[in-house]
Amino acid sequence: MSTESSAAPPAESGPLEGLRVLDLSQGITGPYATKLFADYGAEVTKIEHPGRGDVSRRFGPFPGDEPHRERSGMFLELNTGKRSVTLNLKTASGRAILLRLAEQADLAVESFRPGTLERLRLGDPALREANPALSLVRISNFGQDGPYRDFAADDMLAYAMGGVLSITLMEGREPVKLGIYAPLFLAGGVVAAYAFGALTGGRRSGHGERADISLMEVLAGSMDRGGTNLLSTQYTGALGHGIHSIGSVALPSGVYPCKDGYFHINASIRWWDRLCRLLGRPELIDDPRYTERLDDPTLAPEIDALFLPWALSKTKREAMLEAQAHGLGATAIYTMEDLSSDPHVRGRGYFQSIEHPAAGRLEYFGPPFTLHGTPVQLRRAPLLGEHTVEVLSGLGYSREQIVQLRQRNIV
């Protein structure tokens with residue numbers, strides 16, 4: 001267990017500097033929420049189980065496709081700027097150390113199964129006694145109570161039960177889920193906002209707030225275009241999906257193929273002239289064969305016959321840039337390789353390079369927003385238990401006591 005402490009040097013006047021967060025979460029949602037706090041300057045202490053650490057340390061991708069708990073791309077991304085302390089919370093000494101850390105914290109975030117903290121005797125009464133001002137955010141699949149409280153779930157199940165999966169389908173076909181873990185990252189961003197709200201409310205009242213967050217309810221509350229599609233279903237009997245959706249016009253709208261992949265475009269009747277100029281067919285702008293039927297979806301095949309040859313002759317980036325130059329909303333559908341090489345993203349300095357003692361130098365996604373006057377510089381993720389000695393020493397434990405705790409598998 002390393003005692004190196006360079007993983008999380010003090011943030012340079014970050015907007016959340018001075019805020020102390022105790023991270024009892026693992027996986028994706030909770031760690032992503034607390035990562036946002038760490039990246040913006042908060043001191044985040046991550047509690048991990050001795051020997052194995054956060055479950056995400058076993059998630060890929062791994063540099064060089066060589067699995068190692070210190071080289072998980074998922075863990076490295078989700079835990080930038082944090083300190084790692086190993087604690088066995090099933091022991092009395094481990095619980096005592098956690099409560100001492102809680103005394104110093106402003107916010108705690110946990111994602112245990114409902115009832116786990118209580119079984120560990122670290123529930124609300126114990127935390128309030130340790131620190132009445134501590135705000136606690138509790139993340140679970142379906143909430144801390146209710147008939148489904150103890151249901152097992154993953155991102156797919158929460159996504160499905162939240163209702164979002166019902167609108168990612170084409171009529172007569174099975175639903176298609178978002179990319180792997182996408183709902184959990186979405187939920188993590190929502191959790192961060194809720195956590196900051198709980199923290200603010202607790203500071204105003206002097207009594208720590210309690211936030212009970214259900215992943216299913218977070219996703220149910222973020223049903224993108226759900227209302228539109230449900231209304232369409234009610235009046236037409238069919239979900240509005242596909243290139244030419246129920247109630248849409250004949251103009252290109254949706255995903256189209258091109259030379260090196262796909263791009264997405266949205267057009268409308270008022271932009272017919274722009275589309276004609278984009279296709280090099282300005283003579284069609286006032287052609288009644290089209291202008292009198294642009295609101296008729298049955299015209300779509302004829303429009304596609306004009307549009308698809310143009311699309312297939314372009315790369316996705318060419319299609320995006322040319323359509324945008326003509327005032328049409330269009331975007332390339334990027335792979336990660338496309339995103340990492342995009343000149344706009346590069347020009348804004350979004351990606352940040354970080355050296356890690358086990359994983360080497362890698363590029364990381366930058367912070368999701370920038371603040372004037374307080375630039376954010378990412379700090380690397382910690383090695384497992386890297387800060388245990390440092391943190392326990394700060395609590396008054398001697399090196400001999402720490403050695404004994406390690407020998408007893410408490411840290």
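## Chatting through the fold and its salt bridges

Modeller: Buried residues account for 47% of the 411 residues in the protein. Keep in mind that this is a predicted model.

Biologist: Thanks! How many helices and strands are there in the protein?

Modeller: The protein has 17 helices and 11 strands. Of the contacts between residues at least 6 apart in sequence, 68% join residues at least 24 apart.

Biologist: Switching topic, how many disulfides does a search of the whole structure find?

Modeller: The search comes back with 0 disulfides. As for individual cysteines, Cys-258 counts as buried because its relative accessibility is 8%, and Cys-276 is buried too, at 2%.

Biologist: OK, what about salt bridges: how many does the structure hold?

Modeller: There are 26 salt bridges in the structure. One of them pairs Asp-54 with Lys-46 at 2.8 Å, N to O.

Biologist: Are Asp-54 and Lys-46 buried or exposed?

Modeller: Both Asp-54 and Lys-46 are buried.

Biologist: Which residue forms a salt bridge with Arg-317?

Modeller: That would be Asp-342, with the closest N and O atoms 3.3 Å apart. Arg-317 sits in helix H13 and Asp-342 in the loop between helix H14 and helix H15, so the pair ties together parts 25 residues apart in sequence.

Biologist: How accessible is Arg-317, and how accessible is Asp-342?

Modeller: Arg-317 is partly exposed at 31% relative accessibility, whereas Asp-342 is buried at 7%.

Biologist: Which residues do salt bridges with shared partners join into one network?

Modeller: Arg-20, Glu-43, Arg-83 and Glu-390 are linked that way.

Methods
Residues numbered from 1 in each chain as written. Predicted model: local features only at pLDDT ≥ 70, side-chain atom pairs only at ≥ 80, totals over all residues. Heavy atoms only, no water. Disulfide = S-S within 2.5 Å. Buried < 20%, exposed > 50% of the residue type's maximum accessible area, 1.4 Å probe, protein only. Helix = DSSP H or I, 4+ residues; strand = E, 2+ residues; numbered from the N terminus. Contact = heavy atoms within 4.5 Å. Salt bridge = Lys/Arg side-chain N within 4 Å of Asp/Glu carboxyl O.
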